Amino acid sequence: MTQSDAGTIRRELFIEADPATVFAFLTDPDRLTRWMGTQSQLDARPGGVYLVNVNGRNVARGEFEEVTPNSRIVYSFGWEGGAMGVPPGSSKVEIDLAPKERGTLLTFVHSGLPEPAVGPHTDGWTHYLGRLAIVVAGGDPGPDPRLRAEP
């Protein structure tokens, strides 16, 4: 990932699957939790809820702002409890999907982050987007090492 603007994470990722398949793994709760999170509630339409229990202790919450099937998703993003200075709705995630030979070019931008939160979010998105690429292409990313261990 590269960081070009303060408070912004940008990444391009090639995924070996068509845009419709990638889109489904970003908007369907059951598919999303195959690569990120333990539970999710997604209502992928403008004004709909984005809610993901990412690792058993941190819950991401936002609202879908723009949904263009198989092409573009925009949602507000933050953490319940305001972890890392990023309360719900305080930042924005934009994902664009473009068909490319034998797959999809995913362009990811997370903007509006306070500077101290950029590093941890860059690390998190690197981890989870890598898992997304594996599962969408039909692979198994294995158990998520970031999930809280059960007692």
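**Exercise 1: the cavity**

By class, the lining of the largest cavity has 9 nonpolar residues and no polar or charged ones. Before going on, note that this is a predicted model, where local features need pLDDT of at least 70, side-chain atom pairs count only at pLDDT 80 or more, and totals for chains, interfaces and linings use all residues. Residues are numbered from 1 along each chain as its sequence is written, and side-chain values use heavy atoms, with hydrogens and water left out.

Task: say which residues line the largest cavity.

Step 1. The largest cavity holds about 50 Å³ of space; a volume is the space filled by probe spheres set on the grid points, which are joined across faces, edges and corners.

Step 2. List the lining: Leu26, Leu32, Trp35, Met36, Tyr50, Tyr75, Ile95, Phe108 and Trp125.

Step 3. Check the classes: Ala, Val, Leu, Ile, Met, Phe, Trp, Tyr, Cys and Pro count as nonpolar, Asp, Glu, Lys and Arg as charged, and the others, Gly among them, as polar.

**Exercise 2: the rings**

Task: work out why the pair of phenylalanine 108 and tryptophan 125 is tilted.

Step 1. Rings of Phe, Tyr and Trp (its six-membered ring) pair if their centres lie within 6.5 Å; planes under 30 degrees apart are stacked, over 60 edge-to-face, the rest tilted. The structure holds 7 such pairs.

Step 2. The centres of phenylalanine 108 and tryptophan 125 are 4.7 Å apart and their planes sit at 55°, so the pair is tilted.

Step 3. Phenylalanine 108 is in strand 7 (residues 103-111) and tryptophan 125 in helix 3 (residues 115-136), 17 residues apart. Helices (H or I, at least four residues) and strands (E, at least two) are DSSP runs, numbered from the N terminus.

Step 4. Zoom out: ring pairs link Tyr50, Phe64, Tyr75, Phe77, Trp79, Phe108 and Trp125 into a cluster.

**Exercise 3: the pocket**

Task: find which element gives the most to the lining of the largest pocket.

Step 1. The largest pocket has about 280 Å³ of space.

Step 2. Its lining has 16 residues, with Val54, Trp79, Pro120, Gly124 and Tyr128 nearest the centre.

Step 3. Helix 3 gives the most, with 6 residues.

Conventions. 1 Å grid on protein atoms, 1.4 Å probe; cavity = no way out; pocket = protein on both sides within 12 Å on 5 of 7 lines; lining within 4 Å.
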